[in-house]
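Subject: Structure handover

Hello,

Here is the structure I promised to pass on. Please open it and keep it beside you while you read my notes.

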Amino acid sequence: GDGGGGGGGGGGGMADHVIHEKLVEREKARVARDYAKSDRMRDELQAAGIFVKDSEKRWSANDGRSGPIPTASGGYGAGGGGGGYGG
């Protein structure tokens with residue numbers, strides 16, 4: 001096969017991994033108290049239809065996707081948590 005094309009960017013539709021990267025960047029900025037940068041990251045996400053809900057530690061997209069907000073280290077959950085069992 002030819003691997004299929006990447007599919008155009010179209011109307012917003014930011015890729016999940018890009019959302020994740022921007023959320024991590026935003027959390028890093030917040031930890032560093034760089035609120036100008038964290039606001040800019042939130043604005044970029046909002047421009048792509050991604051709405052960050054800090055109170056719920058979740059994000060949701062206007063195309064129906066949603067997910068947890070990662071920590072500044074790129075993981076999930078408070079304090080990193082312990083690793084799960086296997087898997």
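Arg 30 has a relative accessibility of 27%, so it counts as partly exposed. Keep in mind that this is a predicted model. The cut-offs explain the label: buried means under 20%, exposed means over 50%, and partly exposed lies in between.

Arg 30 has a salt-bridge partner, Asp 54, with N and O 3.5 Å apart. Arg 30 sits in helix α1, while Asp 54 is in the loop between β1 and β2, so the pair ties together parts 24 residues apart in sequence. Asp 54 is partly exposed too, at 28%.

The whole structure holds 9 salt bridges. Two others deserve a look.

- Arg 65 pairs with Asp 16, and their closest N and O atoms are 2.4 Å apart. Arg 65 lies in the loop between β2 and β3 (66-68) and Asp 16 in helix α1, so this bridge ties together parts 49 residues apart in sequence. Arg 65 is partly exposed at 24%. Asp 16 is partly exposed at 45%.
- Glu 44 meets Lys 22 at 2.4 Å, N to O. This pair links helix α2 (residues 35-47), which holds Glu 44, to helix α1, which holds Lys 22; the two residues are 22 apart. Glu 44 is partly exposed, with a relative accessible area of 31%.

Side chains of opposite charge can pair when their charged atoms come close.

Now the overall layout. The protein chain has 2 helices and 3 strands. From the N terminus they run α-α-β-β-β. Of the contacts with a separation of 6 or more, 42% are between residues 24 or more positions apart.

Which residues make up the largest nonpolar core? There are 10: Met 14, Ile 19, Leu 23, Leu 45, Ala 48, Ile 50, Val 52, Trp 59, Ala 61 and Ile 69. Helix α1 (16-31), strand β1 (50-53) and strand β2 (58-61) each give two or more residues to this core. Ala 61 touches Gly 49 and Ile 50, leaving aside residues up to four places away in sequence. In soluble globular proteins, nonpolar side chains tend to be buried together.

Last, the surface. Buried residues are 24% of the 87 in the protein chain. The accessible surface is about 5,700 Å², and carbon and sulfur atoms account for 50% of that.

Best wishes

Terms used. Residues are numbered from 1 along each chain as its sequence is written. This is a predicted model: local features need pLDDT of at least 70, side-chain atom pairs count only at pLDDT 80 or more; totals for chains, interfaces and linings use all residues. Side-chain values use heavy atoms; hydrogens and water are left out. Helices (H or I, at least four residues) and strands (E, at least two) are DSSP runs, numbered from the N terminus. Buried means under 20% relative accessible area, exposed over 50%, partly exposed in between (1.4 Å probe, protein chains only). Contact means heavy atoms within 4.5 Å. Accessible areas come from the Shrake-Rupley method with a 1.4 Å probe; for residues, only the protein chains shown count as cover. A nonpolar core is a set of buried Ala, Val, Leu, Ile, Met, Phe, Trp, Tyr and Cys residues joined through side-chain atoms within 4.5 Å. A salt bridge is a side-chain nitrogen of Lys or Arg within 4 Å of a carboxyl oxygen of Asp or Glu.
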